[in-house]
Every structure is written in C-alpha cells, then in structure tokens.
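Please look over the sequence and the fold together before reading on.

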Amino acid sequence: MPYAPFGERLKMANLWLTKPFVIGTMQASPETATALRTTVSPVNASGGEADTDATVRAIDVHLRQGDTIASVTEQITSAIGNDEIEIRPVTATQSEPSRIEDINSPAYAYIARGIAETFVVPVAPELMTRQTDSRHYLPVADAVLRFTPLTAAPDDIARIRGVDERVAISDLGQAVGFYTWLIRNAAQ
C-alpha cells in the first residue's frame, strides 16, 4: 500500500472507520464488486454482456469464495421463482471458486520476483474471480497462480472475453520479457 496515493492509504489504514465507504465504492464498480460478492451478468450470443432488453439464454456467474455452483444455482432458481425456467450450470465451463494460494509459498515468491524484475513494480496479490483455463491444473499442481503480463486500461477491461478483445502491440515486449524470465529462471 505504500505506493498508493495518500488518500487511498489513509482509507485503507483506517478501515475501522472507512470500511463501509471502501466496500460501497468497491460494490459500485463491476471490476471490483466480484471481489466482494458473487456476481451475475446476462450474456449475449457472442459472449459479451447482453442488453437489458434482450432475451437472456445464459448468465455469467463469478463465484466468490464461500459460494458453490450448487448454492448459487439454488439462489437463482429461488429468485426467479418460475418452475418453467430451467437453471443449470453449463458443464463445459463450470468451475467452483479456485483455492486461495499461500502468498508465503515458493511459487508465489518466484512469480512475484519475476514480476518485480520484469516490470519494476511493487507486487501484491489479488483475488481472481474470473474463470481461466488454469482450473484444469488445480487437481495436479501444488499451486496455481494467475498472472497476465499485460497492462489493462479501463477500456480494455470492458473488452475482456467480449467484443473486440485484443492485446496492445506496445504490451507485447514486456509480455515476452516476462515469459523469457520465467523460462530462464525456472531451473534455478
């Protein structure tokens, strides 16, 4: 937190007083709300968020730690209250929340070192609530840490897994640099 602006450091250092304000601010933003609660969004045929007037055939659910596919399916079914509407997880994409990894582990220290050396920035953990292909490694890996060596401006976040998803050409050099570092240092 020492790199955050003074006002942010002040709020975070005094959560005993500012916690309701911090939570309210996080809940107001789609990008940070998923860290606090399970979120549900309608999805259109192309995979992006659906317009509010569209007929919803699918919803995108991001589970928070503590919720399960079964508990959220039950909550959604109860909220809709119509037995004619079928609510079921899509088996090809369903996934329980990922386990929380130990930030004191050798795996975390290794990735954090790579980030710090490649990007020359402070490193802090974040809870990833979106599903990734890394879920397939959970049964066989001691630790599964997710990191994308790309910068994301607010406009980029809206396109993730949606219409016009892309990577900035200016980000490719750092991404290659990080993966080069990762491979070169993996055997050490």
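What follows is a short walk through this structure.

This is a predicted model, in which local features need pLDDT of at least 70 and side-chain atom pairs count only at pLDDT 80 or more, while totals for chains, interfaces and linings use all residues. Residues are numbered from 1 along each chain as its sequence is written, and side-chain values use heavy atoms, with hydrogens and water left out.

The chain holds seven helices and two strands (DSSP runs, H or I of at least four residues for helices and E of at least two for strands, numbered from the N terminus), and from the N terminus on its elements follow the order α-α-α-β-β-α-α-α-α. Of the 188 residues in the chain, 22% are buried, where buried means under 20% relative accessible area with a 1.4 Å probe, counting protein chains only.

Helix α1 (residues 6-13) and helix α2 (residues 15-27) have axes that come within 6 Å and cross at roughly 110°, the axes being lines fitted to C-alpha atoms over the stretch in contact and the angles running from 0 to 180 degrees between N-to-C directions. The contact (heavy atoms within 4.5 Å) is formed by K11, M12 and A13 from α1 together with L15, T18, F21 and V22 from α2.

Further along, I69 lies in helix α4 (residues 69-80) and is buried, with a relative accessible area of 16%. Leaving aside residues up to four places away in sequence, I69 touches L63, P89, Q94, S95 and E96.

Definitions and conventions
Buried means under 20% relative accessible area, exposed over 50%, partly exposed in between (1.4 Å probe, protein chains only).
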